[in-house]
Amino acid sequence: MTRISPEKAAAEYGMQCHHEQMPNGETRFRLSGNDGSGYIKTVAGQEGAWQNSHRHQHITEIYIVQSGWMAMAYATQDNTQIQLERHLAGEIIRIGPGIRHNTYLPAHAVIHVIKQDIPANGDWIADPELDSLSKPVSEAQILQQTGNSDLSAGK
């Protein structure tokens, strides 16, 4: 086996990696390719938190829950409410282009996101209207609304 340096991966294969500590406490490990593909491993922080609501024009995202659980919030058609879904470890969720969504991760949850068809100039469109509907929803409310009020569920 021959190790490939980050410099060689970028120069010869068009693959870059970068990692970030997000304002909500999450740690994200990213791998992206010049071919429009991408991968993110997200490890939730010490406390549960919402990400930022958004949509994509072209990107399809595949979410895989490794441990814990995640909630996905979607805007209703009239933009006055949200629909919540909770997904447990082992579940796979597909989010197609144009779908407005936000993700909540409880403490220490781990998810993976695979992206395809990423345009060179990016494709992340913020959705502050969905943020105003989703971010006030607490973890206890998520669990209650998705059919399980046990805070230890999915761990």
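Predicted model: local features only at pLDDT ≥ 70, side-chain atom pairs only at ≥ 80, totals over all residues.
## Overall form

The protein is built from 3 helices and 12 strands. Its radius of gyration is 16 Å, close to the 15 Å given by the globule rule for 155 residues, so the protein is as compact as a globular protein of that length. Along the principal axes, the C-alpha atoms fill a box of roughly 50 × 35 × 25 Å.

Among contacts with a separation of 6 or more, 70% join residues 24 or more positions apart.

## Surface and burial

Buried residues make up 39% of the 155 in the protein. The accessible surface is about 8700 Å², and carbon and sulfur atoms account for 51% of that area.

## Nonpolar cores

The largest nonpolar core has 13 residues, and the members that touch the most others are Tyr63, Met70, Met72, Ile93, Ile95, Leu105 and Ile111. Strands β6 (60–67), β7 (69–75), β9 (92–95) and β11 (110–116) each give two or more residues to this core. The largest share, 3 residues, comes from β7.

Beyond its neighbours within four places in sequence, Ile111 is in contact with Ile40, Lys41, Thr42, Gln51, Tyr63, Ile64, Val65, Gln66, Met70, Thr103 and Leu105. Another core, of 11 residues, lies apart from the largest one and includes Ala73, Ile82, Leu84 and Tyr104.

Definitions and conventions
Residues numbered from 1 in each chain as written. Heavy atoms only, no water. Core = buried A, V, L, I, M, F, W, Y, C linked by side-chain atoms within 4.5 Å. Buried < 20%, exposed > 50% of the residue type's maximum accessible area, 1.4 Å probe, protein only. Helix = DSSP H or I, 4+ residues; strand = E, 2+ residues; numbered from the N terminus. Contact = heavy atoms within 4.5 Å. Rg over C-alpha atoms; globule rule 2.2 N^0.38 Å. Areas by Shrake-Rupley, 256 points an atom, 1.4 Å probe, with all protein chains shown as cover.
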